[in-house]
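Subject: Structure handover: ligand site and pockets

Hi,

Here is the structure for you to take over. Please open it first, then read my notes below.

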Amino acid sequence: MPYPATRLRRMRRDAFSRALMRETTLLPSDLIMVAFVIDGEDKREPIASMPGVDRVSIDQLEKLAGECVAAGIPALALFPSPPASVKTEDGREAWNPDNVFQRAARALKAKFPELGLIGDVALDPYTTHGQDGVIDERGYILNDVTIEALVKMTLAQAAAGFDIVAPSDMMDGRVGAMRAALEKAGYVNTRILAYSAKYASGFYGPFRDAVGSAGNLGKGDKHTYQMDVGNSDEALREIELDLAEGADAVMIKPGMPYLDIVQRVKQRFGAPTFVYQVSGEYAMLKAAAQNGWLNEKAVVLESLTSIKRAGADAILTYFALDAARYLKERSQP
Ligand code: PBG
């Protein structure tokens with residue numbers, strides 16, 4: 001019914017009616033905090049391209065985990081930032097049962113058993129060339145050889161106590177191989193969060209600084225395994241395969257530039273759909289906020305709400321703790 005019978009501004013007039021008709025409400029329980037762990041004690045190393053995010057030693061990580069629990073954030077996604085001295089061509093430190101990553105998981109699960117812990121399964125922090133897999137003499141990333149390494153990583157992480165293993169490498173067939181290995185070893189409840197639709201994105205730059213793979217990767221790129229920015233149907237094929245291979249949840253990455261993909265994936269499959277608001281998205285918002293060009297609280301909550309509205313069930317974000325704090329402030333009179 002046209003104007004004046006219909007005046008959409010009527011429902012927007014007051015906070016009470018805006019609240020009642022709001023379709024999407026962001027909650028701390030939608031968020032997954034992301035953190036980088038390093039060796040040592042009482043250590044915090046700032047990451048220049050991610051102001052406000054530090055690489056932290058296990059004791060500091062425990063503090064951060066405690067803050068997540070207190071804020072109602074259900075899970076923490078952990079990434080390693082190993083020193084150059086442990087990096088090799090094949091990345092074998094990745095499945096060392098006593099590496100910093102595995103030790104961090106044991107410490108966190110002992111102190112905060114209720115906090116879901118997500119382990120990254122990919123070789124890039126551990127390789128001298130910064131690629132996510134094993135390379136041949138021409139630098140091509142070998143699919144099936146890489147899967148063998150990812151399976152070893154998976155089992156080491158499950159043994160260390162990670163609740164969820166999250167392959168971020170984009171090799172074909174790795175979810176099926178990981179699932180089979182987990183079942184065989186008795187880890188029937190270790191979940192797989194598959195980075196299914198992961199694009200070859202420029203927005204990962206700060207992350208590569210954080211895990212120390214940027215310099216090693218140099219002029220290299222990841223276009224032979226990560227998805228082309230122009231594609232959408234291919235994302236559906238990736239998701240379908242990962243679900244068929246046994247993924248418990250799927251992920252789209254990056255976030256805000258790919259909301260069309262999020263919506264298609266959620267509508268088509270109805271599976272648990274996670275979205276990663278990546279390091280470059282964090283850096284953009286943070287840098288603008290630090291310059292006084294954007295209001296940080298407003299744009300953080302807006303970006304995360306948009307991702308949820310598009311269809312995300314959960315969002316990995318470096319802003320998780322900040323966002324939980326902003327939500328709490330907003331709910332108080
Ligand atoms: C690599 C990996 C990347 C991210 C998560 N895992 C970067 C890449 O593919 O080069 C990016 C996360 C971010 O940018 O926040 N396995």
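A word on classes first: Ala, Val, Leu, Ile, Met, Phe, Trp, Tyr, Cys and Pro count as nonpolar, Asp, Glu, Lys and Arg as charged, and the others, Gly among them, as polar. On that basis, the lining of the largest pocket has 15 nonpolar, two polar and seven charged residues. Bear in mind that this is a predicted model.

More on that pocket. Its volume is about 480 Å³. The lining comprises 24 residues, with Met33, Leu64, Glu67, Leu321 and Asp322 nearest the centre. At least two lining residues come from each of β1 (31-37), β3 (54-56), α3 (58-71) and α13 (320-331).

Now the ligand. It sits in the largest cavity. Around it are 17 residues, and Arg208, Lys222, Lys253, Ser279 and Tyr318 are the closest. This shell splits into eight nonpolar, three polar and six charged residues. Three side chains to check:

- Asp124: a polar side-chain atom is 2.9 Å from a ligand nitrogen atom.
- Lys198: a side-chain N or O atom lies 2.8 Å from a ligand oxygen atom.
- Tyr318: a side-chain N or O atom lies 2.6 Å from a ligand oxygen atom.

On its own, the ligand has 400 Å² of accessible area, and the protein covers 100% of it.

Last, the second largest pocket. It holds about 290 Å³ of space. Helix α12 (residues 296-310) gives the largest share of its lining, six residues. Among the lining residues are Arg22, Glu23, Leu301, Arg309 and Arg330. By class, the lining has three nonpolar, four polar and five charged residues.

Best wishes

Definitions and conventions
Residues are numbered from 1 along each chain as its sequence is written. This is a predicted model: local features need pLDDT of at least 70, side-chain atom pairs count only at pLDDT 80 or more; totals for chains, interfaces and linings use all residues. Side-chain values use heavy atoms; hydrogens and water are left out. A residue is near a molecule or strand if one of its heavy atoms lies within 4 Å of it. A polar contact is a pair of N or O atoms within 3.5 Å; within protein, one must be able to donate a hydrogen and the other to accept it, and residues adjacent in sequence count only if both atoms are side-chain atoms. Accessible areas come from the Shrake-Rupley method with a 1.4 Å probe; for residues, only the protein chains shown count as cover. On a 1 Å grid over the protein atoms alone, a cavity is a set of points where a 1.4 Å probe fits but cannot get out, and a pocket is an open set with protein on both sides within 12 Å along at least five of seven lines; lining residues have an atom within 4 Å of a point. A molecule sits in a cavity or pocket if more than half of its atoms lie within 2 Å of its grid points. Grid points are joined across faces, edges and corners, and a volume is the space filled by probe spheres set on the points. Helices (H or I, at least four residues) and strands (E, at least two) are DSSP runs, numbered from the N terminus.
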